[in-house]
Structure formats: C-alpha cells, structure tokens
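Student: Hi! Could you walk me through this model?
Tutor: Happy to, let's look at it together.

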Amino acid sequence: MKELGRISRCKVRDIWTNENDFSDWLFSPENIELLSDTLGLNTIITQTREDSVGGFRADIVGEETDTGRKVIIENQFETSNHDHLGKIITYAAGKDASIIIWIVEDARPEHASAIEWLNNNMTDRGFFLVQIEVIKIEDSLPAATFTIIQKPNEYIQMVKAETDNTRQFKLEYWNQFLNYVKQDRKFLKEYPGTESRRPTGDHWYTFRKGCRGDYHIDCKIYTRNGQLIAIGTDVWINDNKDLYRQFEKHKDEIHEALGYEMEWDFKEDKKATSIRIKRDVREGEPLESTFEWLKEKAVTLRAVFNRYC
C-alpha cells in the first residue's frame, strides 16, 4: 500500500504577524492569482495598498482583467466581526467596487448569512466571503489555501458571459490590427515574423524584444462594457531593474526624442517594471485611427529606447 502524508494546519499568525503582513503577501502577482483562480475570477491586477476611503483604508484595491471591474479586498484574522462587515460595504460604496472580497480566518454563520443576503439583493455587485487556512503535509513548506464560504453564483455567470464577449472583441480587434500592420513594410522590417503572428483574446499584444532581449513592446487596449475606451503602448522590462535605471538616466533625452512624455512605473517589490503611454479613444473614432497610433508607437518606442541600452 502506498504511504500517504498527513495534513496538519498552522496558525495563521505563525506565518504572518498581522493583517498588514498578510496583505503584503497577497498583493504579489503569484499569490493574488491563487485567490483569483479559487474564486473563479479573471486574474486580479493589484493596484494599491491601504487605499483611503474617507477615514478608513481598504487593504487592497485592484481590478479584474478583461472586464476592468474594480476589486476591493479586506483581510481579517480570527473570527469575522461587524466592524469588518461594515467596512466592506463602506469600501464598496466609496470605491464603486463591483467585486468585494472579505477574507477571514473564521466566518461566523450570521456574517455568512449577511453576505448571502447582500448577494441576493444587489445585482450589480458580487460579495465573496473567503476563509484563509495554512496547511502542511508532514515536514513540507506551509501552503495557503482559500475556501469559499459565500459567493454570488448568478453574478459570476454574468461576468463570465461578459468576459467571453470581451475576449471575442479583443480577438477580433487584434486580428484587424495585425492585418493593418502587415501592409506596412517599415513595421515588418522592425518586427519581422509579424506576417505569421496570430491574434489573441488578451488586452495586450507583445512584439519582438528590444536590445539584448531585456525588454519588449506591448500594445494594449482597454475596454468597458464591450466598448474600446483607451489604447496604450508599454516598454515592458521583465526582471531587470538596472536596465530601467539606465533608461531613467536618459529620461529627458527620451522624452525629447519622442516628442511626448511617458509614465514611468517602478516598483521595488515587483520583478517587472514598465514605461508607458496611454490615451483615451474618442467616441466614434475609427479603428484604423487606433491601429495607426499603436503601430507608430511600437516602432518609435523601440527605436528610441534601443539607443540607451
């Protein structure tokens, strides 16, 4: 008979000293993805920590990819209480959040009933009550697990339907964009191989890496309710802070060469850094106009940034 290990549970406070430590852990992309997968959501992109809502501060604020829905996450150790129930409602209103996630160590039945009532009576928001546990198998490393106590079933089905429609829109957009740039010999010279590229349903499209393969260019689209609302282009640097700093030393020269300023986004606690430009899409603007803007940025950004590698 095959021998199996036994599961044991750790105290949450033995892993994270307090709720702030846990929020810092959850804020990272790999850990927030674990939560997203458990809840059946698209990947949550974390944006801010301790975001002000009047006299209170929401633990984590982010948004769901593809739908762009605002997400609020409130963390609470030990047993759920009325104070945190009031906070999640306050944060939902103050941030106009569509997805509200309350993570607790132990959920009281009356609070589970309260979340169920909110889901049954609010059609434009979804509330999750989630239990956090830490387990080990014999002498293994501890692992965090999330268990859903309450979730908005109909809401999630509605979001999934909207997500499917949004992904289809993005797939069609990138297909038309690729057909557009394939007619431009200059673009194909800068990005050989584009002729054989296929569209995706993501909100970004990555083109060939820059100097030394340490960065690449991402064209991006932003949608809301199935409509294109903004476009952007990123210089995406994966796990190379030195290259970011090298570019930053020449920030003024880069802006002068481009003729416009970029948004520089450096996060010490994350592997990836980016330098981006983004603009809104005008109501009724032809798609060809957005294609041309993205195409021009993809070419000029690579040409300018390659000078400073």
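Student: Is W174 buried or exposed?
Tutor: W174 is buried, because its relative accessible area is 0%. Buried means under 20% relative accessible area, exposed over 50%, and partly exposed in between, with a 1.4 Å probe and protein chains only. Keep in mind that this is a predicted model, where local features need pLDDT of at least 70, side-chain atom pairs count only at pLDDT 80 or more, and totals for chains, interfaces and linings use all residues. Residues are numbered from 1 along each chain as its sequence is written, and side-chain values use heavy atoms, leaving out hydrogens and water.

Student: What about Y205, buried or exposed?
Tutor: Y205 has a relative accessible area of 2%, so it is buried.

Student: Which aromatic cluster is W174 in?
Tutor: One cluster is formed by Y173, W174, F177, Y180, F187, Y191, Y205, F207 and F291. For pairs, ring centres of Phe, Tyr and Trp (its six-membered ring) must lie within 6.5 Å; planes under 30 degrees apart are stacked, over 60 edge-to-face, and the rest tilted.

Student: How many aromatic pairs does that rule give?
Tutor: The count is 20 aromatic pairs. In one of them, Y173 and F291, the ring centres are 5.0 Å apart and the planes are at 65°, so this pair is edge-to-face. Y173 is in helix α6 and F291 in helix α10 (residues 287-305), so the pair ties together parts 118 residues apart in sequence. Helices here are DSSP runs (H or I, at least four residues), as are strands (E, at least two), numbered from the N terminus.

Student: New topic: where is confidence lowest?
Tutor: Helix α6 (residues 153-181) is lowest, with a mean of 76, while β5 is highest at 95. That is pLDDT, the predictor's confidence in each residue, from 0 to 100. The protein averages 87.

Student: And S23, which residues does it touch?
Tutor: Apart from neighbours within four places in sequence, S23 is in contact (heavy atoms within 4.5 Å) with R49, D59, I60 and N75. S23 lies in helix α2 (residues 19-27) and counts as buried because its relative accessibility is 0%.
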